[in-house]
Amino acid sequence: MPNPESRSYRIAVLASGRGSNLQALLDAIADGSLPARIVGVFSDKPAAVALQRARDVGIPARALSPKAFASRVDFDAALFAAVDEVRPDLIVCAGYMRLIDGAVVDARRGRVINIHPSLLPAFKGLHTHQQALDAAATEHGASIHFVTPDLDGGPVIAQARVPVHPGDDADALAARVLEREHPLLVETLRWFAAGRIRLAEDGVHVDGRASVPLQLAANLRFA
Ligand code: GRF
């Protein structure tokens, strides 16, 4: 049984859909490999499966509908007010499919990260697997980056790489990437919970030094 004290690192998760990345975090916390707590799950989609995954294990889960707000700014203000109430150390966007207002992000600089299914800076935005195939990429993967007002453009913290195989379609490639996303997210959060990663003026610092993106190795740890 993990020491409850070691679970004091507080994570809030934002998710719009199935929440398999959230589930990977829940599983890692449950088996003691991630010393952290998920203190709330938030969504812009009331029907998101991610919300149910949280409720099933007694974690507060809340959806706000953007349609109920006059503007994106108003929606984000309300959503992040709810997020702030659970006092997270880190806010993790894991399949959260909405742009976040720049002022909201700036006010939480260094405390919001996102997992994006490409090797950033390649293939920002949507349909990243098809973008990789269209570009005849031989390698693809996933990145975790700090969220800044620049869409998918914030400093990259860590990456996982997979080969593109001949004959891959977007679904096959997406499945290969997703399999690596889960350990990538868990390992990154282990390093956050240990206080090893932070956003400095000149970019990502790991163990107090400017860092190039960490790379997930075959043993699912950082090389
Ligand atoms: C993942 O591929 C993530 O990288 C992207 O959206 C997908 C979410 O998957 N941002 P899930 O909801 O965690 O299963």
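Colleague: Which residues does Arg221 touch, not counting residues up to four places away in sequence?

Modeller: This is a predicted model. In it, Arg221 touches Glu187, Arg190, Gln215 and Leu216. The cut-off for a contact is heavy atoms within 4.5 Å.

Colleague: How far apart are Arg221 and Arg190, in sequence and in space?

Modeller: They are 31 residues apart in sequence. Their C-alpha atoms are 10.0 Å apart in space. Arg221 itself belongs to the segment after strand 11.

Colleague: Why is Arg221 called partly exposed?

Modeller: Its relative accessible area is 38%. Buried means under 20%, and exposed means over 50%. The value lies in between, so Arg221 is partly exposed.

Colleague: What makes Thr188 count as buried?

Modeller: Its relative accessible area is 0%. The cut-off for buried is under 20%, so Thr188 is buried. Thr188 is part of helix 6. Leaving out residues up to four places away in sequence, it touches Ile144, Ile157, Ala158, Ile197 and Phe222.

Colleague: Is Phe42 buried or exposed, and how do you know?

Modeller: Phe42 has 4% relative accessibility. That is under the 20% cut-off, so Phe42 is buried. Its place is in strand 2. Beyond its neighbours within four places in sequence, its contacts include Ala12, Val13, Arg62 and Leu79.

Colleague: What separates the C-alpha atoms of Phe42 and Phe80?

Modeller: The separation is 9.2 Å, and the two are 38 residues apart along the chain.

Colleague: Which strands make up the open sheet, and in what order?

Modeller: Eight strands, in the order 3-2-1-4-5-6-7-11. The pairing is mixed.

Colleague: Why are strand 3 and strand 11 called edge strands?

Modeller: Each pairs on one side only. Strand 3 covers 61-63, and strand 11 covers 214-215.

Colleague: How do you know that strand 7 and strand 11 pair?

Modeller: Pairing needs at least two bridges. Strand 7 and strand 11 have two bridges, in the parallel sense. Therefore they pair. Within this pairing, Gln159 is opposite Gln215.

Colleague: What does helix 6 touch on the sheet?

Modeller: Helix 6 (residues 170-193) packs on the sheet and touches strands 1, 4, 5, 6, 7 and 11. Its direction makes about 150° with that of strand 7.

Colleague: Why is strand 5 called largely enclosed?

Modeller: Five of its five residues are buried, so the rest of the structure largely encloses it. Val112, Asn114 and His116 point one way, while Ile113 and Ile115 point the other way. In a regular strand, side chains alternate between the two faces of the sheet.

Colleague: In which sense does strand 5 pair with strand 4, and in which with strand 6?

Modeller: With strand 4 the sense is parallel, over three bridges. There Val92 is opposite Ile113. With strand 6 the sense is antiparallel, over four bridges. There Asn114 has His145 as its bridge partner.

Colleague: What makes the peptide bond from Leu120 to Pro121 stand out?

Modeller: That bond is cis, with omega near 15°. Most peptide bonds are trans. Pro121 sits in the loop between strand 5 and helix 5.

Colleague: What is the phi of Phe123, and what is the phi of Ala136?

Modeller: Phe123 has a positive phi of about 55°, yet it is not a glycine. Ala136 also has a positive phi of about 55° and is not a glycine. Most residues other than glycine have a negative phi. Phe123 is in the loop between strand 5 and helix 5. Ala136 is in the loop between helix 5 and strand 6.

Colleague: Why does Ala136 count as exposed?

Modeller: Its relative accessibility is 59%. The cut-off for exposed is over 50%, so Ala136 is exposed.

Colleague: What volume does the largest pocket have, and which residues are closest to its centre?

Modeller: The volume is about 940 Å³. Of its 41 lining residues, the closest to the centre are Tyr96, Met97, Ile115, His116 and Pro117. Helix 1, helix 4, strand 5, helix 5 and helix 6 each give two or more residues to the lining.

Colleague: Which element gives the most to the lining of the largest pocket?

Modeller: Helix 6, with six residues. By class, the lining holds 18 nonpolar, 16 polar and seven charged residues.

Notes:
Residues numbered from 1 in each chain as written. Predicted model: local features only at pLDDT ≥ 70, side-chain atom pairs only at ≥ 80, totals over all residues. Heavy atoms only, no water. Axes fitted to C-alpha atoms, helices over the stretch in contact; angles between N-to-C directions. Buried < 20%, exposed > 50% of the residue type's maximum accessible area, 1.4 Å probe, protein only. 1 Å grid on protein atoms, 1.4 Å probe; cavity = no way out; pocket = protein on both sides within 12 Å on 5 of 7 lines; lining within 4 Å. Points joined across faces, edges and corners; volume = space filled by probe spheres on them. Nonpolar A, V, L, I, M, F, W, Y, C, P; charged D, E, K, R; others polar.
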